[in-house]
Amino acid sequence: MRFTLPLFPDEASTMAGRVDALYFYLLAVTAFFSVLIFVTVLAFAVKYRRSKHPVPVQMEGSMPLEVAWSVIPLGLSMVMFVWGASIFFSMNRPPRGALQIYAVSKQWMWKFEHLDGQREINQLHVPVGRDVRLTMISQDVIHSFYVPAFRVKQDVLPGRYTTIWFQATKPGSYHLFCAEYCGTNHSGMIGQVVVMEPAQYQIWLSGGAGEGSLAANGQKLFRDLACDTCHRGDTGSRGPDLAGLFGKPVTLQAGNKVVADDSYIRDSIVNPANKVVFGYQPIMPTFQGQISEEGLLQLLAYIKSLEASKTAAPAPGAAPPAAVVPQTRKTK
Amino acid sequence: MSVAPQAAESRTHYLNADYGIRSWLLTTDHKRIALLYLVTVTLFFAVGGFLAVLIRLELLTPVGDLVSSDTYNRMFTMHGITMVFFFLIPSVPTVLGNFLIPMMIGAKDMAFPRLNLASWYMLLAGGAITLYSLVTGGIDTGWTFYAPLSTTFSNTHVIPAAVGILIAGFSSIFTGLNFIVTIHRMRAPGMTWFRLPLFVWAHYAASLIMVLGTPVVAITLVMVALERGLHIGIFDPRLGGDPILFQHMFWFYSHPAVYIMILPSMGVVSELVACFARKRVFGYPFVAFSSLAIAVFGFLVWGHHMFVSGQSVYAAMVFSLLSFLVAIPSAVKVFNWTATLYKGSIAYNTPMLYAFGFIGLFTIGGLTGLFLASLGVDVHVTDTYFIVAHFHYIMVGGVVMGYLGGLHFWWPKISGRLYPEGFAKLAALIIFVGFNLTFFPQFILGYLGMPRRYHAYPEEFQVLNVMSTAGASVLAVGYLLPFAYLLWSLRYGPVAGPNPWGAKGLEWETPSPPPTFNFDHPPVVVEEAYAYHGGQEDDVVA
Amino acid sequence: MSHNPEAASHPALQHHFDSMEQQHGATTLGMWLFLVQEIMFFGGLFTVYLVYRVKYFSAFAAGSNSLDLTWGAINTSLLIGSSLTMALAVHAAQTGRRKLLVLFLGFTMLLGAGFLGVKAAEYHEKFEKHHVPGASFKIDLNDPGQKGFKGVDANNAQLFFSLYFAMTGMHALHMVIGLGILGVLLVKSWKGHFSPEYNSPVELTGLYWHFVDIVWIYLFPLLYLIDRYHHY
Amino acid sequence: MSGHIVSRRIYYGIFAALMTLTLLTVWVATRDVDTHIWGLHVALNPVIALAIATTKALLVILYFMHVRYSSKLTKVTVLAGFFWLGILLIMTMGDYISREWIKLP
């Protein structure tokens with residue numbers, strides 16, 4: 001047994017400092033009140049012990065005291081609330097232009113897919129000093145993506161995308177844990193986040209991407225599933241045009257508008273009957289259970305990569321549309 | 001002792017009024033039912049405690065070497081289920097509450113004595129079915145039964161465990177119902193609401209939660225069983241269901257359930273502090289109403305278990321704000337107990353030591369709750385050992401301390417005998433030290449990022465885990481001691497008089513052990529609770 | 001909570017109560033608390049219903065329109081009628097009219113049984129159509145009666161029927177229990193157990209029966225009346 | 001001792017009202033009562049259906065169940081039941097309604 005007694009985790013993301021600052025405020029307030037109560041109780045217990053103080057002095061309550069010890073803690077805790085909520089809000093709003101990576105979790109492993117086509121299992125390579133955004137989904141039960149050194153955590157749900165973002169500040173290798181109990185090998189569902197200097201990250205990127213970019217694979221799947229017979233992108237096609245769709249509002253049959261985000265596109269593939277676009281017939285069959293989560297992510301990446309001006313289905317063999325090189329890519 | 005204790009054997013009381021197994025299994029006397037519960041919850045505590053020891057032994061080393069991960073998962077699941085549903089929730093209300101509330105309000109029995117007995121049978125049946133799932137292979141979903149793990153993916157005995165908890169839930173509902181009706185309708189003449197002991201107020205508040213919250217978890221478990229048996233899509237995302245909905249329904253009950261556990265213990269502490277400081281409780285109405293405030297606000301905060309679950313960001317913010325509000329009435333209680341000590345005349349009997357322990361540990365447990373209500377910090381520490389430490393400080397440091405304090409305090413009333421004070425003080429000390437050694441390191445582990453429910457863990461967490469396991473073994477010794485000396489005292493303990501502590505309250509005005517219908521003469525109440533006057537006349541135990 | 005040991009002791013007064021008044025107050029409050037518990041128990045189902053109805057409205061509308069409105073309305077009337085006869089039974093008990101009490105309890109049971117009969121017929125029809133959730137569930141778009149399910153995800157339709165069966169099934173279970181209690185009351189009232197001084201069991205059973213009626217009063221529009229207009 | 005005795009005429013009146021409301025709710029359900037408020041399409045059918053159901057439930061509670069003639073404690077107990085049901089429904093729906101409010105870039 002190595003005798004190490006760590007008391008404080010690494011701070012390796014922009015969020016870590018903010019969380020720790022609030023943590024120290026909380027520690028200070030709670031330490032103060034703990035000591036206050038312990039000392040008072042002990043002092044009274046000793047000073048008024050029965051052998052020294054046999055006759056108690058009866059008293060009623062005291063309204064000013066009751067008000068004071070309700071209002072002061074309330075005020076202090078409202079500071080905690082506002083402070084904590086503002087951090088939480090930042091955690092839940094990924095900044096624009098973040099490097100997009102996809103994650104699929106299953107019992108009991110993590111799979112990461114980079115836009116260039118690199119795939120990793122239980123390891124995630126990211127560059128230092130760059131916002132990274134993960135769009136995550138689970139194939140089976142609920143998992144939770146947790147990197148203690150980054151102070152971020154987000155449950156990964158089956159059937160629905162969740163996102164998390166961080167900006168690593170120190171190169172190194174950090175624990176990745178599954179934090180939501182997920183069955184037999186829950187404690188084995190661990191991995192590493194490897195934070196690299198940008199130059200090294202470039203070298204790593206140019207390494208193993210053998211199977212084409214995510215969007216290109218999505219394009220292939222799009223054709224294999226014959227999506228392009230209906231989503232042709234010209235007038236009179238039976239399905240809506242997908243070019244430039246991502247991030248835009250869509251009017252549905254019931255008259256309501258929704259924004260075509262990750263979840264909308266996924267739902268429209270696996271459960272098309274629920275979100276039929278205004279002016280179209282509900283003829284699309286469901287693809288529930290027919291496309292793997294990774295396949296869905298490839299389709300998603302492909303649809304995101306389509307820009308409005310281009311045709312929906314470029315000639316076979318053409319370069320994958322839009323810039324998919326992460327360094328220059330702007331997510332919409 | 002200044003009052004000559006009358007020999008318990010020479011008169012008829014609830015223990016010797018009737019003999020034989022039938023007289024116990026068919027009794028409708030709330031005091032006998034309380035003893036049936038005492039035996040039952042002690043049994044479940046032993047099962048849960050044994051599993052806790054195994055869990056801590058496994059975590060002595062970073063690798064999973066003592067048991068397989070499947071076994072480990074079954075152990076912590078069963079530890080959670082037995083401790084929460086079959087020990088902590090019933091403990092104080094069904095043992096101490098059942099025994100004392102009719103006496104404290106001057107009634108002959110609970111409002112529905114047969115329902116009271118039926119509730120015990122329900123707890124027993126629910127426990128038996130749950131233990132059946134343990135011996136036939138166990139269940140590995142965690143006590144929280146999160147879907148879709150519990151509904152689709154686990155291949156363990158989820159349905160029997162759910163059914164067992166459902167039945168135990170109805171035991172709890174009927175207990176709460178019985179308390180509320182008893183407190184409303186059975187009070188002795190002169191026993192107004194503001195003369196009620198705070199113990200009764202606390203149980204009233206806890207009973208509200210039992211009646212209003214438990215049915216929701218009951219129907220949720222029915223749906224889990226249906227989903228598991230029929231795959232109808234209520235919580236299965238592949239069929240259009242939403243697993244987050246399960247979490248909402250589960251925590252709607254299971255968060256307030258924490259207050260079902262802690263409120264009755266808070267009631268115990270109010271009694272102990274008043275008696276051993278010889279003072280009326282400072283700010284009685286504030287302490288009383290804070291119980292009700294906790295019961296009501298406790299229902300509005302369940303979403304703080306779900307900050308990283310994929311719940312709406314805005315819902316999370318509302319739940320966070322409300323969670324801070326529920327902290328205030330708890331703080332008010334602690335401050336009032338502290339103020340009660342001021343200029344009191346404080347004796348250090350064992351129950352008072354447990355009350356001190358409760359105040360200290362509950363303070364830490366409650367204040368660390370603020371970390372979890374703060375959204376930004378909760379994201380980091382939720383589902384880690386920080387949570388585990390926090391709720392053990394509340395549930396073990398709070399509830400069990402209160403339960404043991406109350407058990408010692410009323411033991412003379414229950415059994416007619418005094419426990420050995422020296423051993424009892426030693427045990428209280430051992431439990432306090434062992435508890436802190438077990439659970440304080442877990443706060444640090446949690447902030448370092450060690451997730452809960454891990455069978456194996458990275459090496460750098462080992463030292464803290466070894467400390468925790470060492471503490472657990474101390475704690476285990478601490479819990480075995482009362483078990484031994486309380487049994488011993490049944491036969492060899494000095495005979496207690498009706499009021500060995502010089503305490504106020506109707507239960508102390510009747511002999512120990514009390515007669516079957518509690519009072520030889522129907523009491524009439526003429527003064528407030530805790531009418532300690534300060535003279536030596538109250539001072540029975542030197 | 002008036003304690004009056006001198007009050008005339010009624011044979012139905014239990015030992016731990018001081019007076020019939022106290023006993024009546026306690027049992028009534030106990031029954032109301034039980035009903036509050038029931039509200040929360042059904043409330044869990046209503047919550048699930050609400051979430052999925054909002055999420056999968058078209059599937060719920062299609063499922064609702066596949067239910068038989070006429071039978072639903074008839075059942076609502078039967079149950080309201082049984083509530084009336086139950087209220088009259090309580091009245092008969094309070095005024096000490098034994099024969100009327102027996103008669104109205106009998107009517108109540110009859111109407112309740114009629115409700116369950118209709119429910120059984122409806123369940124049977126769902127079974128024939130394979131609309132019972134589970135492995136054999138299917139939507140048959142070739143059946144002209146199921147045209148409304150066009151463009152609806154079968155899983156979501158199944159969710160509607162799951163909730164339909166869970167809610168009406170839980171309700172029917174309460175009816176069956178109610179009928180059992182009414183049967184016991186019928187025998188007891190025949191034997192003259194109840195009087196103007198002591199009729200709490202009739203009154204409390206009445207509360208329970210009316211509560212079950214109220215649950216149905218909500219279930220009827222929630223399950224049978226979704227988006228009827230657009231499907232007509 | 002027994003509870004309040006309500007006149008039988010009230011019972012018949014309530015029964016008639018309940019039957020009328022049942023017919024009304026069936027009739028309204030098959031009519032188009034959707035409307036536009038500030039240009040938003042609002043389906044009034046479920047609102048009316050639930051308003052009628054609540055009226056019916058209130059009649060049953062107040063008269064058949066004698067709550068109108070009962071103690072304050074009974075009234076508070078009934079209210080508490082519906083209040084807590086409201087907490088469960090509203091706070092759960094709060095999550096579902098506000099999930100889409102946060103705009104991800």
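In strand β10 of chain A, V194(A) is the bridge partner of S173(A); helices (H or I, at least four residues) and strands (E, at least two) are DSSP runs, numbered from the N terminus. The two strands concerned, β9 (residues 172-178) and β10 (residues 191-196) of chain A, pair in the antiparallel sense over five bridges, where pairing requires that DSSP find at least two bridges between two strands. The model is predicted: local features need pLDDT of at least 70, side-chain atom pairs count only at pLDDT 80 or more, and totals for chains, interfaces and linings use all residues. Residues are numbered from 1 along each chain as its sequence is written, while chains are lettered from A and ligands numbered from 1 in the order in which they are written.

This pair belongs to an open sheet of five strands in chain A, with mixed pairing and the order β4-β10-β9-β6-β7. Its edge strands, each pairing on one side only, are β4 (123-127) and β7 (152-156) of chain A. From one strand to the next, the twist averages 20 degrees; axes are lines fitted to C-alpha atoms, for helices over the stretch in contact, and angles run from 0 to 180 degrees between N-to-C directions. Helix α3 (residues 198-205) of chain A packs on the sheet, where it touches β4 and β10 of chain A, and its direction makes about 130 degrees with that of β4(A).

Chain A as a whole has six helices and twelve strands. Its radius of gyration, taken over C-alpha atoms, is 27 Å, well over the 20 Å that the globule rule (2.2 Å times the number of residues to the power 0.38) gives for 332 residues, so chain A is more spread out than a compact globule. The C-alpha trace of chain A spans about 95 × 55 × 35 Å along its principal axes. Of the 332 residues in chain A, 41% are buried, that is, have 20 or more other C-beta atoms within 10 Å of their own, with C-beta atoms placed from the backbone.

The contact between chains A and B takes 77 residues from chain A and 82 residues from chain B, two residues being in contact if their C-beta atoms, placed from the backbone, lie within 7 Å. On the side of chain A that touches chain B, the elements giving two or more residues are α1 (14-47), α2 (63-91), β6 (143-147), β7 and β9 of chain A. Of these, α2(A) gives the most, with 17 residues.

Key: Buried ≥ 20, exposed ≤ 12 C-beta atoms within 10 Å, placed from the backbone.
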